[in-house]
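Subject: Handover of a structure model

Dear colleague,

Please find the structure below, together with its sequence. I would be grateful if you could read the notes after it with the model open.

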Amino acid sequence: MRIPICTPTLSGKEWEYVKECLDTNWISSKGGFIEEFENRFAEYVGVKYGVTTTSGTTAIHLALATLGIKEEDEIIIPAFTMMGSVYPILYQKATPVLVDAEPDTWNMDTNKIEEKITKKTRAIMPVHIYGHPCNMDPIMDIANEHDLYVIEDAAEAHGAEYKGKKAGSFGDISCFSFYANKIITTGEGGMLVTNDEETYEKAKKLRDMAFTKERRFLHHEIGFNYRMTNMQAAVGLAQIEQIENFVEARRRNAKLYNELLKDVKAITLPPEKEWAKNVYWMYSILINDDKFGVTAKELMKKLSEKGIETRSFFVPMHQQPLFHKLGHQFKGNYQISEKLCDSGINLPSSSSLTENEMIFISKQIKNYCNKGC
Ligand SMILES: *Cc1c(COP(=O)(O)O)cnc(C)c1O
């Protein structure tokens with residue numbers, strides 16, 4: 001028996017809705033489920049418009065293209081994130097500029113953003129890491145003061161809240177992923193959401209080959225085919241109908257894990273600030289190896305031998321060989337991001353995880369804490 005890191009829960013009307021697509025022949029990106037899913041999801045986030053895409057990565061790319069991000073533009077991002085946030089910046093030939101993580105939320109340190117702003121800065125991209133929302137007030141203040149766009153990467157934070165408002169409802173555009181391990185899934189897929197009608201219309205147009213209304217097959221801009229299929233949207237609709245349950249399950253898991261692991265002094269439990277609702281996309285801990293006795297890497301190996309699948313934390317952007325190859329040097333130091341990378345572990349986090357599984361996992365972790373902690 002293996003306990004996987006994260007599996008989808010397809011316990012609603014997924015089958016019924018997908019069958020409807022097949023029975024009615026509506027299998028492409030035309031079909032009723034697309035708009036229904038977009039509307040339902042946007043409404044859940046508390047934003048006016050949604051535009052489905054083929055993935056979270058393409059949602060971010062579409063967002064950047066829609067806002068006219070181009071060569072020479074600088075986008076401020078956290079050093080501690082995954083490549084899906086960053087590739088789209090490179091697709092547009094723009095330049096990522098890094099901000100280190102803050103130790104208590106693992107998100108971009110809002111005190112270190114302003115020093116990174118130059119004449120070329122066009123946008124800030126906060127990423128709500130592992131389901132904990134970023135500290136949005138200071139980010140929005142800085143963006144307003146310097147006239148910058150905010151593009152939220154909320155791929156890991158469906159349902160998370162900052163001061164009672166949903167992650168994804170702050171930015172000019174916010175992007176979500178529906179990959180199979182995200183809180184809701186369409187298999188592969190993504191969505192951008194926005195309150196601005198013009199942005200919405202432009203994103204829809206660029207998603208669909210940038211066709212013009214006046215004459216078909218006449219094009220003025222670089223467009224994409226980032227269209228989600230009706231079958232994926234059918235799964236998405238069934239998933240959004242269950243999202244409250246999934247978020248609750250994630251939070252219930254975290255509460256039990258916290259209870260089971262809180263006495264292990266060599267472990268840092270995941271954050272939840274007083275202004276935050278963390279949705280614990282991943283239940284994540286830090287191992288203090290001096291006190292714990294084995295490193296995070298060694299612990300992961302041991303847990304794997306017991307059938308427990310875990311995942312290491314992200315490798316920060318300044319340590320990516322890709323950027324060395326591109327000849328791009330990031331100035332400054334990113335010590336917190338490096339420390340997170342070295343000491344962090346994601347534990348099994350599925351919505352369907354059982355109490356017995358969490359008890360088993362916690363017991364195994366305590367077994368390897370060989371300094372009597
Ligand atoms: C998953 C993820 C993405 C990319 O989403 P895909 O659907 O896999 O392309 C982007 N950013 C973050 C933070 C993610 O976790």
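The model is predicted: local features need pLDDT of at least 70 and side-chain atom pairs count only at pLDDT 80 or more, whereas totals for chains, interfaces and linings use all residues. Residues are numbered from 1 along each chain as its sequence is written, and side-chain values use heavy atoms, with hydrogens and water left out. Helices (H or I, at least four residues) and strands (E, at least two) are DSSP runs, numbered from the N terminus.

Buried helix

Helix α3 (residues 56-66) is largely enclosed by the rest of the structure, because 10 of its 11 residues are buried (under 20% relative accessible area, with a 1.4 Å probe and protein chains only). Among the buried residues are Gly-56, His-61 and Thr-66. The buried residues of α3 pack against β1 (49-53), α4 (87-91), β5, β8 (173-177), β9 (190-194) and α6 (197-207), where contact means heavy atoms within 4.5 Å.

Strand pairings

Strands of a sheet pair through backbone hydrogen bonds, either parallel or antiparallel. Two strands are taken to pair if DSSP finds at least two bridges between them. Strand β4 (residues 121-124) pairs with strand β2 (residues 74-78) in the parallel sense over three bridges, and Ala-123 of β4 stands opposite Ile-75. β4 also pairs with strand β5 (residues 149-153), in the parallel sense and over two bridges; here Tyr-149 of β5 is the bridge partner of Ala-123. Together with helix α5 (residues 136-146), β4 and β5 make a right-handed β-α-β unit (with the strands pointing away from the viewer, the path from the first strand over the helix to the second runs clockwise).

An open sheet of three strands has the order β7-β6-β11, with antiparallel pairing. Its edge strands, β7 (165-166) and β11 (276-277), each pair on one side only. Strand β6 (residues 161-162) and β7 are joined by two bridges, and Lys-166 in β7 is the bridge partner of Glu-161.

Helix crossing

The axes of helix α8 (residues 243-261) and helix α13 (residues 355-368) come within 10 Å and cross at roughly 35 degrees. These axes are lines fitted to C-alpha atoms over the stretch in contact, and angles run from 0 to 180 degrees between N-to-C directions. The contact includes Leu-256 and Tyr-257 of α8 and Met-358 and Ile-365 of α13.

With kind regards

Key: Buried < 20%, exposed > 50% of the residue type's maximum accessible area, 1.4 Å probe, protein only.
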